[in-house]
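Please look over the sequence and the structure shown below before reading on. The briefing that follows is grouped by topic.

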Amino acid sequence: MSINEFMCDCNIIHQDVVDNTLKKMPKQSLFDNLAEFFKIIGDPTRTKILFALDQNEMCVCDIANVLGMTKSSISHQLATLKKSGIVKSRRDGKEVYYTLDDEHIKQVFEVGIEHIEHKNETENKI
């Protein structure tokens, strides 16, 4: 497979396609925020935390136990996730419980897992 295989040889601009896409193009800030969102959830420790929270509401101690990490390291990661609006917390007495922030986060996470699992199954059949 040569590098040129993916290059466009045509000299024709499909102006209707270009105009349609430009009309729908969001502001740069949306792309910046989306990239930041994926960067934050792109950390393996944070994805494990998200997996745990996708299963159950959990406190820091529970998450630390599941992941085999310290409460301090989990708290640090949860602070990043909370600041970014990916997880939320609720207090019950002295305990603080964490969940995924909303259904959108749950869907993005679960679709990501489904995509990777499907891709792995497809690659293993080849």
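Leu 30 has its place in helix α2, in a model that is predicted.

**The nonpolar surface patch**
- Helix α2 gives the most to the patch, contributing 4 residues.

**Salt bridges**
- The count of salt bridges comes to 4 when a side-chain nitrogen of Lys or Arg must lie within 4 Å of a carboxyl oxygen of Asp or Glu.
- Glu 36 forms a salt bridge with Lys 39, and the closest N and O atoms of this pair are 3.5 Å apart.
- Because Glu 36 and Lys 39 are 3 residues apart in helix α2, about one helical turn separates them.

**Helices α3 and α5**
- The axes of helix α3 (residues 44-55) and helix α5 (residues 71-83) come within 10 Å and cross at roughly 80°.
- Angles from 65 to 115 degrees count as roughly perpendicular, so α3 is roughly perpendicular to α5.
- On the α3 side, Thr 45, Arg 46, Ile 49, Leu 50 and Leu 53 take part in the contact, and they meet Ile 74, Gln 77, Leu 78, Thr 80 and Leu 81 of α5.
- Sorted by class, the contact of α3 with α5 has 6 nonpolar, 3 polar and 1 charged residues.

How values were computed: Residues are numbered from 1 along each chain as its sequence is written. This is a predicted model: local features need pLDDT of at least 70, side-chain atom pairs count only at pLDDT 80 or more; totals for chains, interfaces and linings use all residues. Side-chain values use heavy atoms; hydrogens and water are left out. Axes are lines fitted to C-alpha atoms, for helices over the stretch in contact, and angles run from 0 to 180 degrees between N-to-C directions. Helices (H or I, at least four residues) and strands (E, at least two) are DSSP runs, numbered from the N terminus. Angles under 35 degrees count as roughly parallel, over 145 as roughly antiparallel, 65 to 115 as roughly perpendicular and the rest as oblique. Contact means heavy atoms within 4.5 Å. Ala, Val, Leu, Ile, Met, Phe, Trp, Tyr, Cys and Pro count as nonpolar, Asp, Glu, Lys and Arg as charged, and the others, Gly among them, as polar.
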